Amino acid sequence: MLRRSLRLTAAAVLLLTTIAEAQWDASRFAWYEADGGSDFASTLPIGNGRIGAAIYGTPAENISINENTIWSGPWQDRANRNSSGALSSIRSQLIDGEITAAGQSVLANMAGNPTSPRSYNPLGDMTIDFGHSAADRENYFRYLDTYQGNAFASYVYGGVNYTREYVASYPHGVLAIRLTASQDGALNATVSLSRSQFMTSQTASSSGGVNSVSLKGNSGQTTDPITFSSEARVVNTDGSVSVSGSSIAVTGATTVDIFFDAETSYRYSSQDAWEAEMSRKLDAAVSAGYPTVRSAAIEDNTNLIGRVSLNLGSSGSAGNQNTSARLSNYRTDPSADPQLATLMFNFGRHSLVASSRDTGDLSIPANLQAIWNKDFAPAWGSKYTININIEMNYWPAEVTNLQETHKALFDLLDVAKGRGQTMAQVMYNCSNGGFVLHHNIDVWGDAAPTDYGTPYMMWPMGGVWLSLHTMEHYRFTGNRTFLKERAWPILQSAANFYYCYMFNWNNYTTTGPSLSPENQFVVPSTESTAGNAEGIDISPQMDNSLLTELFQAVIQAGQILGKTGSDITNAQDYLSKLRPPSTGSYGQILEWRQEYGETDPGHRHMSPIWALYPGSGFAPLNSSDLSTAAKALLDHRMSSGSGSTGWSRTWVMSLYARLFEGDTVWSNAVTFLQTYPSPNLWNTDSGPGSAFQIDGNFGFTAGIAEMLLQSHNVVHLLPALPSAIPTGSVTGLVARGAFVVDISWSDGALASATVTSQNGGTLALRVQDGNGFTVNGETYSGPISTTAGSTYKIALA
């Protein structure tokens, strides 16, 4: 009966090959009629929040595998012990206008040693050789299902339909693969694991009905390396099994299942412990069987992904093309394929679920490449760059109803907090329990300054930005236990550092030496060295914006939790002494303490208007003057060539959404889709063929959500609806206050909406440009008191 069932399944898949174009949901599937070849950016990416797999779909299948705690080595103490002694003189130099000399002193006395933390590394590759060639393959297709989270490949070879399905199971903690042939006994597969560096063991065995391929390795150090074990269990229903060196060969089979896991020394104190955990997971998965593992994985994934449904209109026949063709066609005719934007939105949510889950006390968040990396020296170390990139990874977590994914970031922040408290003492003589992070961390929470250059190295603000994610999680969920037990200790410690670190200048309490991430200015003629491009200064606007929201968060959290005393009074005092935003010659928000000459008018970072998005102090409903000044800078940057990386372009989407400029949001979304996605939809630095960075994928998803729903002061429905999508709908978005929001619109106007209150509380509403509306049939005149579990219907008056 089992074999007959498999033949029927294969037959159904064979039928799908002939009618594929009619079957694909253009908003859900990324599908292709060619394999990925040797191009990592053409793979199908899946993951269970700990193990990532990038699947090529080649005749001899190659799968690049990652386990998210396999990094390039153990923790390093990189703190520069000269820092605290040099700090006062560097500040004096900056105040006196000796800008270049101060920057050189920063490099000499504050740079980490070595200059960079650890990098994210690959586990290795799984190869499954079927003895097939591409030349004799017919009816080939493969797909990624962004709803179910699985990947699939099918083709006909020698008259037999072969299928491969790949599932990354969160419930079982394993990668599972099913291989089938439509003809009994036609499946031959040789399975092996390999690694190009630091491999300590590569074996295969078949004994007692257990067929196993194992790979062990480490990060290459002689002392305390990160060490791992991995194993693939090969399960066949028929045919024969043989061992050849480090490979398992199955011949004459109809179905073969493979279950894979890896565990590391990062989470376990001994090899016996992590290998026992690996065996436990594999034993459970094999015992359950592939159908059960698959079913549990898909149920888990769809329970998360299915919370939100987005409809931006139908692409019709344009959406029936394979994804490679759609990306190509979109460059010349974007209006024909609105569902490509929906697919990219869904791909972002898929990628976040795949790369960031609660996997225990030491969950690891999505890094620069989320969870997928094949290189031992990846771009920017594939680490955690915290002057924009990793924060952007989590912009869609709350608003698109994936709050659980945020937990991994908080786990690493807890680790980094301890490192940052030590760094505060060593570098800044601050021993009041405050913590500091600079612009990068790694899996160990390395808090030292990273790299060696004045435009980017010395930025002691990374901990603030990450800390604010804890407050946002509370604002969206209303989870008071989380606020008390996790958010408050982080916010308190973050603020404590600045009570010690900040200094007085021009009657303000300010930061420095610091910078505006990765930008430079021209030293004016009144300072030295005149005409030089420099990055180090005091009191950059981004620092002040971050600290404004940090101190406000401390005050708000403290009031909710009933805190009194210095925690609150210090925050109030320091908040009152921050330098307020200032404007320049064309009405723009100033990036620095004065209006320096620009070295890069179209700079990719939008740091000086952080308080427009993701902050809210410059938002139009909070300050029309500051939002106007923020827009002046944003327009200037964009007209000068900003948005020059994928992540920068998607940040711009949310910035214009906050300005209620829906058509500009959409034009930037179109430009992103025309310019940056790789064949498999991954964001790139400057276009296909350049470095893969996942942040732009998450930024795109957040930007689409932001144009449909905002909630930083009121629950604002359709605040930036583009004219290009006059009709559509979205369900399941979340507003601050724990309100779940469904919206439909037609002819550019709200058709109907519902808001479900999860916790009760006060609901303040706004529709589009301030249109009049009703709630449950009554004219809305002001905030309403809600009941937990109740739904409120909104319609235009």
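Two strands count as paired if DSSP finds at least two bridges between them, and the legends below apply this to a predicted model.

**View 1. Strands β25, β26 and β31 form an open sheet with mixed pairing.** The order of the three strands is β25-β26-β31, and the edge strands, each of which pairs on one side only, are β25 (709-710) and β31 (765-767). Strand β25 is joined to strand β26 (residues 715-717) by two bridges, and these strands run antiparallel. Within this pair, leucine 709 has leucine 717 in β26 as its bridge partner.

**View 2. Strands β27 and β28 form a hairpin with three residues between them.** The two strands pair in the antiparallel sense over six bridges, and valine 730 can be found opposite isoleucine 743 in β28. In the turn of this hairpin, glycine 737 has a positive phi of about 100°.

**View 3. Strand β28 also pairs with strand β29 (residues 749-757), in the antiparallel sense and over eight bridges.** Here tryptophan 745 stands opposite leucine 750 in β29. The hairpin of β28 and β29 has two residues between the strands, and aspartate 747 takes a positive phi near 55° in it.

**View 4. Glutamate 472 forms salt bridges with arginine 475 and with arginine 736.** For arginine 475 and glutamate 472, the closest N and O atoms are 3.2 Å apart; both residues lie in helix α12 (residues 462-477), where they are three residues apart, about one turn of the helix. The salt bridge between the side chains of glutamate 472 and arginine 736 has an N to O distance of 2.5 Å. This second pair links distant parts of the chain, since glutamate 472 is in helix α12 and arginine 736 is in the loop between β27 (728-735) and β28 (739-746), 264 residues apart. Arginine 736 counts as buried because its relative accessibility is 17%, under the 20% limit, whereas arginine 475, at 23%, counts as partly exposed.

**View 5. Glutamate 661 and lysine 631 meet in a salt bridge whose closest N and O atoms are 2.8 Å apart.** Glutamate 661 lies in the loop between α17 (646-658) and α18 (662-675), and lysine 631 lies in helix α16 (residues 624-639), so this pair ties together parts that are 30 residues apart in sequence. With a relative accessibility of 26%, lysine 631 counts as partly exposed.

View 6. In the whole structure, the search finds 34 salt bridges.

How values were computed
Residues are numbered from 1 along each chain as its sequence is written. This is a predicted model: local features need pLDDT of at least 70, side-chain atom pairs count only at pLDDT 80 or more; totals for chains, interfaces and linings use all residues. Side-chain values use heavy atoms; hydrogens and water are left out. A salt bridge is a side-chain nitrogen of Lys or Arg within 4 Å of a carboxyl oxygen of Asp or Glu. Helices (H or I, at least four residues) and strands (E, at least two) are DSSP runs, numbered from the N terminus. Buried means under 20% relative accessible area, exposed over 50%, partly exposed in between (1.4 Å probe, protein chains only).
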